[in-house]
Amino acid sequence: ANYPNPFNPSTTIPFEIAETGPVRITIHDALGQHITTIVNEIHQPGSYEVVWNPESLANGLYLYRLSTPNTRKIRRMMLLK
């Protein structure tokens, strides 16, 4: 899960990759509408972290979706300004 959560002004999303392959992390609002893609790359096996800083977004609930060939995860995060 991301940390800190709730967050302001940024949050860190850690993830681990078991096999070399494409990794995609997308951010969505509470209604499921796509906001942005923060990772869309091929990664080697290992542990990674990406920092998301939503400078122009309003307070509220957001979702991030982590997709790899073997993993699909959706997690909630709360932005408090």
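Two strands count as paired when DSSP finds at least two bridges between them, and the strands themselves are DSSP runs of E with at least two residues, numbered from the N terminus. With that in hand, let us walk through the structure. It is a predicted model, in which local features need pLDDT of at least 70 and side-chain atom pairs count only at pLDDT 80 or more, while totals for chains, interfaces and linings use all residues. Residues are numbered from 1 along each chain as its sequence is written, and side-chain values use heavy atoms, with hydrogens and water left out.

Four strands form an open sheet in the order β3-β2-β5-β6, with antiparallel pairing. The edges belong to β3 (34-43) and β6 (72-79); each has a single partner strand, so one side of each is left without a neighbour in the sheet. On average, neighbouring strands here are turned by 15° against each other, direction ignored; the angle is taken between axes, which are lines fitted to C-alpha atoms, and angles run from 0 to 180 degrees between N-to-C directions. Within β6, Met-77 is the bridge partner of Tyr-62. Keep Tyr-62 in mind, as we will return to this residue.

Now step back to the whole chain. It has six strands and zero helices, so from the N terminus on the elements simply run β-β-β-β-β-β. The radius of gyration is 12 Å, close to the 12 Å that the globule rule gives for 81 residues, so the chain is as compact as a globular protein of that length. Here the radius is taken over C-alpha atoms, and the globule rule is 2.2 Å times the number of residues to the power 0.38. Along the principal axes, the C-alpha atoms fill a box of roughly 35 × 20 × 15 Å. Of the 81 residues, 35% count as buried, where buried means under 20% relative accessible area, exposed over 50%, and partly exposed in between (1.4 Å probe, protein chains only). The chain exposes about 5000 Å², and carbon and sulfur atoms supply 49% of it; these areas come from the Shrake-Rupley method with a 1.4 Å probe. Contacts (heavy atoms within 4.5 Å) also say something about the fold: among those between residues at least 6 apart in sequence, 54% join residues at least 24 apart.

The start of the chain deserves a look at its backbone. Most peptide bonds are trans. The bond from Tyr-3 to Pro-4, however, is cis, with omega near -15°, and the bond from Asn-8 to Pro-9 is cis too, with omega near 5°. Pro-4 is found in the segment before β1 (11-17), and Pro-9 also sits in the segment before β1.

Next come the aromatic rings. Rings of Phe, Tyr and Trp (its six-membered ring) pair if their centres lie within 6.5 Å; planes under 30 degrees apart count as stacked, over 60 as edge-to-face, and the rest as tilted. The whole structure holds three such pairs. One of them is Phe-15 with Tyr-48, a stacked pair at 5.5 Å centre to centre with 20° between the planes. Phe-15 lies in strand β1 and Tyr-48 in strand β4 (residues 46-52), so the pair ties together parts that are 33 residues apart in sequence. Phe-15 is buried, with a relative accessible area of 5%, whereas Tyr-48 is partly exposed at 25%. Trp-52 and Tyr-62 form an edge-to-face pair, 6.0 Å centre to centre with 70° between the planes. Trp-52 lies in β4 and Tyr-62 in β5, so this pair ties together parts that are ten residues apart in sequence.

Thr-12, in strand β1, counts as buried at 14% relative accessibility. Leaving aside residues up to four places away in sequence, Thr-12 touches Asn-2, Tyr-3, Glu-49, Val-50 and Val-51. Gln-33, in the loop between β2 (21-29) and β3, is partly exposed, with a relative accessible area of 48%. With the same exclusion of residues up to four places away, Gln-33 touches Ile-27 and His-28. The C-alpha atoms of Gln-33 and Tyr-62 are separated by 9.8 Å, although these residues are 29 apart along the chain.
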